[in-house]
Amino acid sequence: MSVPISAVDQPGKRALVDGFFRVVTYLRVSVTDRCDLRCVYCMSPSMTFLPKKDLLTLEELDRICSAFIARGVRKLRLTGGEPLMRRGFLDLVRGLSRHLKSEDLQELTLTTNGTQLARYAADLAKFGVRRINVSLDTLDPGTFRGITRGGDITGVLEGIEAARDAGLNVKINTVALRDINEASLQDLVEWSHAKGMDITLIETMPLGDTGEDRTDQYVPLSEVRSQFEKRYTLVDLPDSTGGPARYVRVSETGGRLGFITPLTHNFCEACNRVRVSCDGTLFMCLGKDDRVDLRQTVRASLSDALLNEAIDGAMRVKPRGHEFVIDRRRQSPTIGRHMSVTGG
Ligand code: SAM
Ligand code: SF4
């Protein structure tokens, strides 16, 4: 069988095509595993973080991102941990913005918890960031404190306003949590839509030990959607992102609402993405442990030949799909690594 010619194949560029003929055009990079919050579904209260020597330097991050862009990656999302906690983060963004100027990269974006956003929003916009995702699970200060184990919502709300003032298009990401924010999700959607922001609801994924019982937190979005349908008219929208979110238009608010359902809906067949963790490990699937060490490769040689070889090897073994299970008897998470290491 021959490899399909894709829109990303450009003269002189070898596209990243995996063994199932999916073309990888989207890279998510975790720039740090550290964070100023400790969300109950993401981290344990007593997280140990990687030693500094294990983290990719800013130069190495730039080199790896640039190698992927040279191979046809068109969308780059920086994440973490909390990306805005990484020292020198703006220098990284400034450097990478050269790929926006050359139009090799279509979009440079980030996912943030918003606590530091008020300080950074204007510069992010200056360096070509157009859209960002801000994670916010509730509008209630007490519930926010509980979910984040001590966080203050004020800074996040200020950050969102600063981002909007800077002209950034903000999308809200919300993890649906049984008994915790389940009942207030509709308020959060109305609030987002009143500000012209899209919002995506996410099912909890079993990644890493968080010191909490996953089966208590998990609420299927099919259930949430049924609740919404009692109050709103949801009109399915055609899939435009190629990603795992399925979108609807809420007729009453006019806004877009997304559902990310890794556990109840398998979105792997259209997967166009890979992830690099903050220690330079390339993960071909969020829900699988298959990995390739890129840190050793970038440190071994100044030429990108080895790096390209490693990336090509990874493409050949990108798995067909994930195997997320929240197992009531086997309480351990399916995947041992935390989302903050791999990047959400
Ligand atoms: N700190 C930033 C933030 O919170 O937006 C970026 C990193 S965070 C790991 C990225 C996204 O992953 C967030 O929207 C967060 O809610 C989500 N997330 C973290 N752990 C998760 C889990 N176990 N299941 C589902 N989503 C999770
Ligand atoms: Fe930090 Fe984001 Fe994880 Fe919350 S979800 S602990 S903000 S990395």
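I work with a predicted model, so local features need pLDDT of at least 70 and side-chain atom pairs count only at pLDDT 80 or more, while totals for chains, interfaces and linings use all residues. Residues are numbered from 1 along each chain as its sequence is written, chains are lettered from A and ligands numbered from 1 in the order in which they are written, and side-chain values use heavy atoms, with hydrogens and water left out.

**Whole chain**

I looked up the secondary structure. The chain has 11 helices and 12 strands (DSSP runs numbered from the N terminus: helices are H or I with at least four residues, strands are E with at least two). Of the 344 residues, 57% are buried. Buried means under 20% relative accessible area, exposed means over 50%, and partly exposed lies in between, with a 1.4 Å probe and protein chains only. I then checked contacts (heavy atoms within 4.5 Å). Among those between residues at least 6 apart in sequence, 71% join residues at least 24 apart.

**Core**

I looked up the largest nonpolar core, and it has 91 residues. Such a core is a set of buried Ala, Val, Leu, Ile, Met, Phe, Trp, Tyr and Cys residues joined through side-chain atoms within 4.5 Å. Phe 68, Leu 76, Leu 78 and Leu 294 have the most contacts inside this core. Helix H1 (residues 58-70) gives the largest share, seven residues.

Not counting residues up to four places away in sequence, Phe 68 touches Leu 16, Leu 27, Val 73, Val 274, Val 276, Leu 282, Leu 294 and Ile 311.

H1 also holds Asp 62. Is Asp 62 buried or exposed? Asp 62 is buried, at 16% relative accessible area. With neighbours within four places left aside, Asp 62 is in contact with Leu 92, Gly 95, Leu 96 and Arg 98.

**Helix H3**

I listed the buried residues of H3 (117-126): Leu 117, Tyr 120, Ala 121, Leu 124 and Ala 125. Their arc around the axis is only 135°, so they sit on the same side of H3. The arc is taken from the directions between the helix axis and the C-beta atoms. An α-helix has 3.6 residues a turn, so residues three or four places apart point the same way.

On the face turned away, I found the exposed residues Arg 119, Ala 122 and Lys 126. The cover over the buried side includes H2, S3, S4 and H5. Gly 128 follows H3 with a positive phi, near 95°.

**Helix H5**

H5 (residues 153-165) has 13 residues. I checked its span from first C-alpha to last: 19 Å, close to the 18 Å expected at 1.5 Å a residue. The expected span is 1.5 Å times one less than the number of residues. The buried residues are Ile 153, Val 156, Gly 159, Ile 160, Ala 162 and Ala 163. What covers them includes H3, strand S4 (131-135), helix H4 (141-147), S5 and H6. Just after H5, Gly 167 has a positive phi of about 90°.

**Helix H6**

H6 (residues 185-194) buries Leu 185, Gln 186, Leu 188, Val 189, Ser 192 and His 193. They span an arc of only 160°, so they share the same side of H6. They pack against strand S5 (169-175), strand S6 (198-202), helix H8 (221-231), strand S8 (245-250) and strand S9 (256-260).

**Ligand 2**

Which residues surround ligand 2? I find Cys 35, Leu 37, Arg 38, Cys 39, Cys 42, Met 43, Gly 81 and Asn 113, counting a residue if one of its heavy atoms lies within 4 Å. By class, the shell has five nonpolar, two polar and one charged residues. Ala, Val, Leu, Ile, Met, Phe, Trp, Tyr, Cys and Pro count as nonpolar, Asp, Glu, Lys and Arg as charged, and the others, Gly among them, as polar.

**Single residues**

Phe 21 has a positive phi of about 65° although it is not a glycine. Phe 21 is in the segment before S1 and is partly exposed at 30%.

Glu 103 also has a positive phi of about 65° without being a glycine. Glu 103 lies in the loop between helix H2 (89-101) and strand S3 (107-112) and is exposed at 62%.

Lys 52 is in the loop between strand S1 (26-30) and H1, exposed at 75%.
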